[in-house]
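Welcome, and thanks for taking a look at this one with us. Below is a short briefing, grouped by topic, to read alongside the model.

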Amino acid sequence: MTRCPALLIAAPASGQGKTTVTAALARLHARQGRRVRVFKCGPDFLDPHWHQLASGAPVHQLDLWMNGEADCAQRLHEAARDADLILIEGVMGLFDGQPSAADLAQHFGVPVLAVVDASAMAGTFGALAFGLRHYRPGLPWAGVLANRVGSARHADMLRDGLHDVNDWMGALMRVQADPSAPAGKAAAALLPERHLGLVAAHELDDSLQRLDAAADALAATPLGQMGLDDLQCWAVDFPATASPPTVPRLLAGRTVAVARDAAFCFIYAANVQSLEHMGARVVFFSPLHDAALPSCDAVWLPGGYPELHTAQIAANTGMLTSLRAHVAAGKPLWAECGGMMALFESITLADSSKAPLWGLLPGHVTMQKRLAALGPQQLAVAGHTLRGHTFHYSTSDSSAPVVARTARPNEAVAPDAGEALYRQGSIHASYFHAWFPSSPEAVAHLLGGASV
């Protein structure tokens, strides 16, 4: 049994500021020399960039369905052995989804800190906090933090509305952009967004300054003033787990080249670890900047933002030639979501303009103004089942052969439902984002490894 303070930072809905608070809290304690481990509840590629920068440690996903209970328990136990504080950022609203952030908190006994955007409320803040705390009997509870508060007087009104004043973890004031402020200061505490979520931390020159500003603001709250001894009130026992099953070395002796740059950046750290546990040598390359693929046996093109980099993708003819040669040689290529989009012949962008892509798969992709698909999915591959999710703002039209389709958890595969798995030659491609640890055998099939 290992004991460590832990918090699950949740909210009544998306957009309340839980990512900013989680990253700020991680940065605040990391600056004080504490070892902080951050997890993200549910599938998410963007928030972990901020949490890793804030904490200085790798960030993994926790999802009772996608990971499974045993995997979540193992990751939490391993983190508790090394950390002074564990933070878990929730997903959507506290009780949204199956499984929800509340399910995870209750399963592992992790206290919930609710972040509430209080910019347009006063007394109702107390009712909302009361409801979040008591809606589900037995939910571990830490308190509530008011976000985007207008003034000290506003903060007093919010605190006075609570049924239990011990719930009050403080208030973060609304950020006011100041055009006259020095560069990087006007929006220092803001984490900017675009259509797929937050802008990744590595894309901004002032990411660390933004985190420091958010941490400074949090330091003035009761939550931010808690030291290591104070945090022990939220200590959780994380029991040792049974030894995980041995990962078959189905990729031993093989080199897997993984695309990683501004256009292809949706990579679970656990997926890279899974490839390495399977015996693969993992090398990274940039389809935007590198002239050719590195020497490799297989390629993984993860998701990302190819739609934001179409000119650069088309201009890098050396990379296209190298990818064509790789596929012509019959070497495996697994492409998911944005990686698959780049393989098509062309794309219609949000402004209705059309741009060429690599043309390794027949068909066209069209950006949409609204989400085209969202949610957990599973995919049967070579008699094994991969778990993962789908989340995209585009649609595709392709004549490539469809060899399988995804399905929602506990639902049967249906024609014209779920996400298509295209196969053409040595290419497998889908909008589906796979969680590799859920089935190393399926991953090995996609990347041309040994079969089981």
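How close do the axes of helix α1 and helix α2 come, and at what angle do they cross? In this predicted model, the axes of α1 (residues 18–31) and α2 (residues 47–55) come within 7 Å and cross at roughly 15 degrees. Angles under 35 degrees count as roughly parallel, so α1 is roughly parallel to α2.

- The crossing of α1 past α2 is right-handed.
- On the α1 side, the residues that meet α2 are Thr19, Thr22, Ala23, Ala26, Arg27 and Ala30. Their counterparts in α2 are Asp47, Trp50, His51, Ala54 and Ser55.
- Helix α1 also holds Leu28. With a relative accessible area of 3%, Leu28 is buried, because buried means under 20%.
- Setting aside neighbours within four places in sequence, Leu28 is in contact with Ala215, Ala219 and Gly224.
- Leu28 and Leu211 are 183 residues apart along the chain, and their C-alpha atoms are separated by 8.8 Å.

**Nonpolar cores**

- The largest nonpolar core has 43 residues, and the members that touch the most others are Ile86, Ile88, Phe125 and Phe238.
- Apart from it lies another core, of 40 residues, which includes Phe285, Ile313, Ile347 and Ala420.
- Leaving aside neighbours within four places in sequence, the contacts of Ile86 include Cys4, Pro5, Ala6 and Leu7. Ile86 also contacts Arg37, Phe39, Leu76, Ala79 and Ala80, as well as Phe238, itself one of the core members with the most partners.

- Which residues of α5 are buried? In this helix (residues 124–134) they are Phe125, Gly126, Ala129 and Leu132. Seen down the axis of α5, these buried residues fall within an arc of 130 degrees, so they line one face of the helix.
- An α-helix has 3.6 residues a turn, so residues three or four places apart point the same way.
- Thr124 and Ala127 are exposed on the other side of α5.
- The buried residues of α5 pack against β5 (112–117), β6 (141–149), α6 (152–160) and β7 (168–173).
- In α6, the buried residues are His154, Ala155 and Leu158. Viewed down the axis of α6, they fall within an arc of 100 degrees, so they too line one face of their helix.
- Exposed residues Ala152, Arg153 and Asp160 sit on the face of α6 turned away from its buried side.
- The buried residues of α6 pack against α5, β6 and β7.

**The loop between β4 and α4**

- Pro99 is found in the loop between β4 and α4. The peptide bond that joins Gln98 to Pro99 is cis, with omega near 5 degrees.
- Ser100 has its place in this loop, between β4 (85–89) and α4 (101–108). Is Ser100 buried or exposed? At 3% relative accessibility, Ser100 counts as buried.
- Not counting residues up to four places away in sequence, Ser100 touches Leu94, Phe95 and Arg136.
- Met92 is also in the loop between β4 and α4. Met92 has a positive phi of about 55 degrees although it is not a glycine.
- At 36% relative accessibility, Met92 counts as partly exposed.

**Asn410, another residue with positive phi**

- Phi of Asn410 is near 65 degrees, a positive value in a residue other than glycine.
- Asn410 lies in the loop between β23 (402–405) and β24 (420–424). Its relative accessibility is 81%, so Asn410 counts as exposed.

**Glu336 in strand β16**

- Strand β16 (residues 333–336) contains Glu336. Why does Glu336 count as buried? Its relative accessible area is 1%, and buried means under 20%.
- The C-alpha atoms of Glu336 and Ser151 are separated by 46 Å, and the two residues are 185 residues apart along the chain.

Note on methods:
Residues numbered from 1 in each chain as written. Predicted model: local features only at pLDDT ≥ 70, side-chain atom pairs only at ≥ 80, totals over all residues. Heavy atoms only, no water. Core = buried A, V, L, I, M, F, W, Y, C linked by side-chain atoms within 4.5 Å. Buried < 20%, exposed > 50% of the residue type's maximum accessible area, 1.4 Å probe, protein only. Contact = heavy atoms within 4.5 Å. Helix = DSSP H or I, 4+ residues; strand = E, 2+ residues; numbered from the N terminus. Arc of directions from axis to C-beta. Axes fitted to C-alpha atoms, helices over the stretch in contact; angles between N-to-C directions. Parallel < 35°, antiparallel > 145°, perpendicular 65-115°, else oblique. Left-handed = near helix turned anticlockwise from the far one by under 90°.
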